[in-house]
Amino acid sequence: MNNPYEVLGVSETATDEEIKTAYRNLAKKYHPDNYNDSPLADVAEEKMKEVNEAYDRICEMRRNGSHSSYHTGSYGTGNSYNRTSYPDVRQYIMNGRLDDAMELLNGIPDTNRDAEWYFLMGMIFSRKGWNDQAYSYFQRAYQMDPSNPEFSAAFNNMNARRTYNNPGYNTAGNGMGCSGCDICTGMLCANCLCNCCSRGC
Amino acid sequence: MFGYIKVDQANLLGKEFEAYNGIYCTLCRQLGKDYSVFARLILSYDCTFYAMLALDLCEQPPCYQEGRCRFNPFKKCHYADTQSLAFSLAAALSVISAYYKLRDNLLDSPWYKRILYRLVQPFFASWRKKAAKKYPEIDESVSKMMDRQLEAEQDQNCILDQAADPTATMLSEMCGLLTEYIPLREPLQKDNTKRILQSMGYAMGRWIYLIDACDDLEKDQKRHNFNPFLLDHRVDLPAYMQANLNHALSDALLSYGLLDKCRYDSIIRNVLCVSCVNIQTKIISKYSDAKETED
């Protein structure tokens, strides 16, 4: 296994707090919810596992048990939605057999198409990269059943991406503003500073 | 490709900009070396990005040497050693895509431009032939894209995703191809890296296609040409454009996030997080301003 400190991108002399922050940022970045509708969902899951293991190992090495319970459960694989009317379709999507999944879904008559049907259709399009179609299907699924956490998560996630508000990027504090808001906030701060300076002079 | 994938110089460090410029100049020299001194004129930012992405995958960073620019003898350039195939691949992609773009332009340009295109076509064709011999996959991929694009545009029920798919697929294949030719640095694994690059390439290809469509919207509207944003009548077109572009860029960034960071991370992020965002804001603002005055 790789050096756990390298995996988290921190030095071995980092404080517990720094490690926790690095772990949180990475966990946010690789969170399964971000990649649920991406063809790279499995790669992200592997990364997440690696980060979790690295964090656990560091905690263990530092003999500080209080951190290790931090992520359990909250950053799992996220597939806790067991009730499904389309197990085959979900299996196909997970295995990347998008055309087969689409064929199965298209075989279902119009009258039987429920919110999950629209959600899975959106999932297939999203994994293909056909974002616009994916968005309208997710939207429909959400409108038909807003109380379903899976549908609302997918829809909200996509809305965030359509405003270019990526989890794990804006929050990582990398100095490069991703969204207009960041730039605006930056400008405001800079403006305040300038004002303060000019008054001081 | 259309030259939208460039860096935002104001937000780059000096050394980063120097490294990027070095890649740009080396690709220019490679075009001259592999094809002809005139082939240097088709140098594009998109292919520079492609070369940078390829170099990012290599174990060894390129070594730079100082030289003089062929076109401006007063300008000093930094040329990288061209042992890696990164530059040769990017040069081949440049000439092949330039050839097909020219062929496409021949179909829908005014007569005076067509004469010019006809005159230069034999040169482009011979460069393309040479490049296709070296990298048949690139030629196949780009020519397939042109055919599929034409097919999509002629389809009565064409939707936005379908129209963007040929360009996106082509770039996805091109990015995936890098893993076949470039020996990957540690700890990259071929399978995963290929998938990550393909997915990133798809999203970037989609973004390139859509931003070009946004840019050409007024012209296409006037001339009744095909444009994916004119397929259905949207109420708030600027917002729809923005959402689709954001989504594609965001997907590219998410895919790239899975790749282990390396030497050009800050430049690649500059392109995706700053430059592309600025370009799309600038282009879309044309339409939102127009809409505001209408209201």
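This is a predicted model: local features need pLDDT of at least 70, side-chain atom pairs count only at pLDDT 80 or more; totals for chains, interfaces and linings use all residues.
1. Start with the packing inside. The largest nonpolar core runs to 122 residues, and the ones with the most contacts inside it are A:Leu8, B:Ile138, B:Trp207, B:Phe229 and B:Leu272. Helix H3 of chain B (residues 85–107) supplies the largest share of this core, 14 residues. As a general reminder, nonpolar side chains tend to be buried together in soluble globular proteins.

2. Leaving out residues up to four places away in sequence, A:Leu8 touches A:Ile19, A:Ala22, A:Tyr23, A:Leu26, A:Val51, A:Ala54, A:Tyr55 and A:Ile58.

3. What about charge pairs across the interface? Three salt bridges turn up between chain A and chain B. One pairs B:Arg195 with A:Asp42, with the closest N and O atoms 2.8 Å apart. In another salt bridge, the side chains of B:Asp260 and A:Lys47 meet at 3.3 Å, N to O. This pair joins two chains, because B:Asp260 sits in the loop between helix H9 (237–257) and helix H10 (265–294) of chain B, while A:Lys47 is in helix H4 of chain A. B:Asp260 counts as partly exposed at 28% relative accessibility, whereas A:Lys47 is buried at 11%.

4. Over all chains the salt-bridge count comes to 21, and two within single chains are worth a look. A:Arg90 and A:Glu150 meet at 2.8 Å, N to O. They link distant parts of the chain, with A:Arg90 in helix H6 (residues 87–94) and A:Glu150 in helix H10 of chain A, 60 residues apart. Both ends are buried: A:Arg90 at 17% relative accessibility and A:Glu150 at 7%. In chain B, B:Arg128 bridges to B:Asp139 with the closest N and O atoms 2.9 Å apart. Here the partners are 11 residues apart, B:Arg128 in helix H4 (residues 111–134) and B:Asp139 in helix H5 (residues 136–154) of chain B. B:Arg128 is partly exposed at 22%, but B:Asp139 is buried at 11%. There is also a network of salt bridges with shared partners, made up of A:Asp37, A:Arg161 and B:Asp251.

5. Two loop residues in chain B to finish. B:Ser44 lies between helix H1 (14–34) and helix H2 (45–57). Is B:Ser44 buried or exposed? Its relative accessible area is 17%, so B:Ser44 counts as buried, the cut-off being under 20%. The side chain of B:Ser44 reaches the backbone nitrogen of B:Cys47 at 3.3 Å. B:Lys75 is in the loop between strand E1 (64–68) and strand E2 (76–80), and is partly exposed at 37% relative accessibility. Not counting residues up to four places away in sequence, B:Lys75 touches B:Cys25, B:Gly67, B:Arg68 and B:Cys69.

Conventions. Residues are numbered from 1 along each chain as its sequence is written. Chains are lettered from A and ligands numbered from 1 in the order in which they are written. Side-chain values use heavy atoms; hydrogens and water are left out. A nonpolar core is a set of buried Ala, Val, Leu, Ile, Met, Phe, Trp, Tyr and Cys residues joined through side-chain atoms within 4.5 Å. Buried means under 20% relative accessible area, exposed over 50%, partly exposed in between (1.4 Å probe, protein chains only). Helices (H or I, at least four residues) and strands (E, at least two) are DSSP runs, numbered from the N terminus. Contact means heavy atoms within 4.5 Å. A salt bridge is a side-chain nitrogen of Lys or Arg within 4 Å of a carboxyl oxygen of Asp or Glu. A polar contact is a pair of N or O atoms within 3.5 Å; within protein, one must be able to donate a hydrogen and the other to accept it, and residues adjacent in sequence count only if both atoms are side-chain atoms.
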